[in-house]
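Hi everyone, thanks for making time this morning. I'd like to walk you through a structure, so let me put it up on the screen.

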Amino acid sequence: MYRFQYFTVALAVLGLAPAAHAHHRDFTFLRDWFLPFKGEKEVESRTLYDTGSKQWVQEFEFEYGVYDNFAIEPGLEFHQGDGEKFHLDGYDLELRFRIGDFATNRILPAINIKYDHPVADEKPNGEVRFIASYMSSGGIDATANLVLGESLGDDPEPTREFDLGVVGPIGQNSREEMGYNIGIRGGFEYIRNLDTGDTLLGPTLIYRHDKHFNVLGTAAFPVNNTETNKTQLRFIMEYEF
């Protein structure tokens, strides 16, 4: 069972080494090593649709680079279930840390710590996401996440998840400018719930217009347990300034 000490352990292993590489958003289900520059701000819209439960989730996040290796991200989550009205579901706060300097062809570790607080009479939830990214000199981003979550309060309910994603440049229009991957990128994301065994796999497509505006989407299809495990669609728009 996962107790809140995971948050303490995660904080204890963090270093404060400087870094100087721009923010990338290459995945919709995963988080990778990249963060905003110090002082850089970002507004992000995340849309999720679950075809099984016919539920829409809409999140709005504001991200701020406190240091080059630390960012803070408060957000609001809205929800619309089958037959429900669109309503505020809760708010969250995410602390994002990365370790070490950017370099290609080596493992880049990071840790995210997230707190979700519902507005209804439901339990809040805590989550620690351990991240390992690998950026090749050719622009391929391979990232793995181990997610440990737990509802907080009496009778906590733990969750475990393993995610894997790989994306890279597509065609001749993809290029790097000042650390940003401009143009079209694509790949896949793999999501596995370690408690239920439910597994999703699907393609991800990214288009970064310039250093400010980025859009990406994923269609994740069930690999097993198809009676309960259904397709999930995710779409993200972000503006950095």
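Let's begin with a salt bridge: arginine 160 pairs with aspartate 195, and their closest N and O atoms are 3.2 Å apart. The two partners come from distant parts of the chain, 35 residues apart: arginine 160 is in strand β8, residues 158-169, while aspartate 195 is in the loop between β10 (180-193) and β11. Before I go on, please keep in mind that this is a predicted model.

Is arginine 160 buried or partly exposed? Arginine 160 has a relative accessible area of 30%, so we call it partly exposed. Aspartate 195 is at 41%, and therefore counts as partly exposed too.

Now for some other charged residues. Salt bridges with shared partners tie Arg25, Arg31, Glu44, Arg46, Glu59, Glu61, Glu63, Glu73, Glu94 and Arg96 into one network. Let me pick two pairs from that list. In one of them, the side chains of glutamate 73 and arginine 31 come together at 2.7 Å, N to O. Glutamate 73 is buried, because its relative accessibility is 0%. Arginine 31, with a relative accessible area of 5%, is buried as well.

The other pair is glutamate 44 with arginine 46, whose side chains meet in a salt bridge at 2.5 Å, N to O. Glutamate 44 has 2% relative accessibility, so it counts as buried. Arginine 46 has 11%, and is buried too. How many salt bridges are there by this rule? The count comes to 15.

Let's move to the strands. Strand β4, residues 87-98, runs antiparallel to strand β5, residues 107-118, and nine bridges join them. If you want a spot to look at, find leucine 93, which stands opposite tyrosine 115 in β5. On to the next pairing: β5 and strand β6 (residues 125-135) are antiparallel as well, over 10 bridges. Here lysine 114 has glutamate 127 in β6 as its bridge partner. β5 and β6 make a hairpin, with six residues between them.

Next, a leucine. Leucine 200 sits in strand β11, residues 199-208. With a relative accessibility of 6%, leucine 200 is classed as buried, because the cut-off for that is under 20%. What does leucine 200 touch? Leaving aside residues up to four places away in sequence, its contacts include Tyr190, Ile191, Phe221, Val223 and Lys230. Lysine 230 is 30 residues from leucine 200 in sequence, yet the C-alpha to C-alpha distance is 8.3 Å.

Last stop, the surface. There is a nonpolar patch of about 690 Å², made by Val43, Phe62, Tyr64, Phe213, Phe235, Met237, Tyr239 and Phe241. Which strands supply at least two residues each? They are β2 (55-67) and β13 (232-240). β13 gives the most, with three residues. As a reminder for reading a strand like this, side chains in a regular strand alternate between the two faces of the sheet. Phenylalanine 213, another member of the patch, is in strand β12, residues 213-222. Its relative accessible area is 32%, so phenylalanine 213 is partly exposed.

That's my tour, and I'm happy to take questions.

Definitions and conventions:
Residues are numbered from 1 along each chain as its sequence is written. This is a predicted model: local features need pLDDT of at least 70, side-chain atom pairs count only at pLDDT 80 or more; totals for chains, interfaces and linings use all residues. Side-chain values use heavy atoms; hydrogens and water are left out. Patches are made of residues with over 30% relative accessible area and no salt bridge: like charges are joined within 9 Å, nonpolar side chains (Val, Leu, Ile, Met, Phe, Trp, Tyr) within 5 Å. Accessible areas come from the Shrake-Rupley method with a 1.4 Å probe; for residues, only the protein chains shown count as cover. A salt bridge is a side-chain nitrogen of Lys or Arg within 4 Å of a carboxyl oxygen of Asp or Glu. Helices (H or I, at least four residues) and strands (E, at least two) are DSSP runs, numbered from the N terminus. Buried means under 20% relative accessible area, exposed over 50%, partly exposed in between (1.4 Å probe, protein chains only). Two strands pair if DSSP finds at least two bridges between them. Contact means heavy atoms within 4.5 Å.
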